[in-house]
Protein chains: 2
Amino acid sequence: MWFFEDIEIGRRSDIGAYTFTAESIKTFAAKFDPQRFHLDEEEGRKSLFGGLAASGWHVGSACMSLLVANGQRAVKEATARGDKVAVSGPSPGFRDLRWIRPVLAGDTISFSSVIIDKRTSASRPGWGIVQSRTTGINQRGEEVYSITATGFVPLRGA
Amino acid sequence: MWFFEDIEIGRRSDIGAYTFTAESIKTFAAKFDPQRFHLDEEEGRKSLFGGLAASGWHVGSACMSLLVANGQRAVKEATARGDKVAVSGPSPGFRDLRWIRPVLAGDTISFSSVIIDKRTSASRPGWGIVQSRTTGINQRGEEVYSITATGFVPLRGA
């Protein structure tokens, strides 16, 4: 919902929080990451994680769900104000995803993003490339997750 | 299930194939990535993807499910042969995840991994660090997904 020109390097935004219940951890794991420490409390306690631990893909997907909800909320607000709304391009991927600490059943992770770089695209006129780092912090203030993503954002003038 | 000493740089393994049905694409998206081109055929057709497209997180999670199934199968086979089975450490994360082409409803993606680097860990005695690149190819032979992952693997001697 932002145009390239509106994006400020260093700006941080809160994205929201996600609580990982034991049930949601097991449901995700059964489908996509059926390792024993993601499926069973006792196996989790015996593992290096020290408890029933969310799949890293569950953590990443939960973060994505908050990013999307946040974007949709911002579009609604911009539309209500009568602002022109930018439509981002697809993401080509990301680098430097880190699962820093386990996310255990009952943990609430708060995510925030900061813009770390922006430049205009040489190959796609009318588009800019923006890099942001999103981090997740648990209820004890410990960083558990970080991801550096690249996205295409339209230029206002284009 | 491999020990560090058994791992050969350049070795490629087939991991299996995953078919993305329209229903599975929408179910994942509704929960974790509710963008319109992941939820509705017509919106997908109108988008840059050109059809109902799987969330990139769905593609990554599906690949993970095959990696886990593959690992569990290998453990079973090794156990049946009476081989000692190595237990890998948790993954600290990855770099260079790329969504190269859209994955559309009906696509079947075949995944394979190749070992690209191995070294012993300086900080964790008894462990090695192995880098592998996993790629996904669609039914037309086009690369759609790639991820470079780092994992801890125990030394046989430790």
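**Reading the model feature by feature**

Tutor: A hairpin is formed by strand 3 of chain B and strand 4 of chain B, with six residues between them, and in the turn B:Gly126 has a positive phi of about 90 degrees. Helices (H or I, at least four residues) and strands (E, at least two) are DSSP runs, numbered from the N terminus. This is a predicted model, in which local features need pLDDT of at least 70 and side-chain atom pairs count only at pLDDT 80 or more, while totals for chains, interfaces and linings use all residues. Residues are numbered from 1 along each chain as its sequence is written, chains are lettered from A and ligands numbered from 1 in the order in which they are written, and side-chain values use heavy atoms, with hydrogens and water left out.

Student: How many bridges join strand 3 of chain B to strand 4 of chain B?

Tutor: Strands of a sheet pair through backbone hydrogen bonds, either parallel or antiparallel. Two strands are taken to pair if DSSP finds at least two bridges between them. Here 10 bridges join strand 3 of chain B to strand 4 of chain B, and the two run antiparallel; B:Arg119, for instance, has B:Ile129 in strand 4 of chain B as its bridge partner. Strand 1 of chain B is joined to strand 3 of chain B by seven bridges, also in the antiparallel sense, and B:Thr19 stands opposite B:Thr108 in strand 3 of chain B. Strand 2 (residues 93-99) of chain B pairs with strand 5 (residues 143-154) of chain B over five antiparallel bridges, where the partner of B:Gly93 is B:Thr150 in strand 5 of chain B.

Student: In what order do the strands form the open sheet?

Tutor: The sheet has 10 strands in the order 1(A)-3(A)-4(A)-5(A)-2(A)-2(B)-5(B)-4(B)-3(B)-1(B), with antiparallel pairing. Its edge strands are strand 1 of chain A and strand 1 (12-19) of chain B, each of which pairs on one side only. From one strand to the next, the twist averages 20 degrees.

Student: Which strands does helix 4 of chain A lie across?

Tutor: For such a packing, contact means heavy atoms within 4.5 Å, while axes are lines fitted to C-alpha atoms, for helices over the stretch in contact, and angles run from 0 to 180 degrees between N-to-C directions. Helix 4 of chain A lies across strand 1, strand 2 (93-99), strand 3 (108-120), strand 4 (127-137) and strand 5 (143-154) of chain A, together with strand 2 and strand 5 of chain B, and runs at about 125 degrees to strand 1 of chain A. Helix 4 of chain B also packs on the sheet, touching strand 2 and strand 5 of chain A among others, and its direction makes about 125 degrees with that of strand 1 of chain B.

Student: Which residues of helix 1 of chain B are buried?

Tutor: An α-helix has 3.6 residues a turn, so residues three or four places apart point the same way. Buried means under 20% relative accessible area and exposed over 50%, with partly exposed in between (1.4 Å probe, protein chains only). In helix 1 (residues 22-32) of chain B, the buried residues are B:Ile25, B:Phe28, B:Ala29 and B:Phe32. Seen down the helix axis they fall within an arc of 100 degrees, so they line one face of the helix; that arc is the one spanned by the directions from the helix axis to the C-beta atoms. On the other side of helix 1 of chain B, B:Glu23, B:Ala30 and B:Lys31 are exposed. The buried residues of this helix pack against elements of both chains, including helix 1 (22-32) of chain A and helix 2 (36-39) of chain B.

Student: How many aromatic pairs does the structure hold?

Tutor: Rings of Phe, Tyr and Trp (its six-membered ring) pair if their centres lie within 6.5 Å; planes under 30 degrees apart count as stacked, over 60 as edge-to-face and the rest as tilted. Over all chains there are 19 aromatic pairs. One of them is the edge-to-face pair of A:Phe32 and B:Phe28, at 5.6 Å centre to centre with 80 degrees between the planes. A:Phe32 lies in helix 1 of chain A and B:Phe28 in helix 1 of chain B, so the pair joins two chains. A:Phe32 is buried at a relative accessible area of 5%, and B:Phe28 is buried at 4%.

Student: Which residues have the most contacts inside the largest nonpolar core?

Tutor: A nonpolar core is a set of buried Ala, Val, Leu, Ile, Met, Phe, Trp, Tyr and Cys residues joined through side-chain atoms within 4.5 Å. The largest has 48 residues, and those with the most contacts inside it are A:Trp57, A:Tyr145, B:Trp57 and B:Tyr145. Leaving out residues up to four places away in sequence, A:Tyr145 touches, among others, A:Phe111 and B:Trp57.
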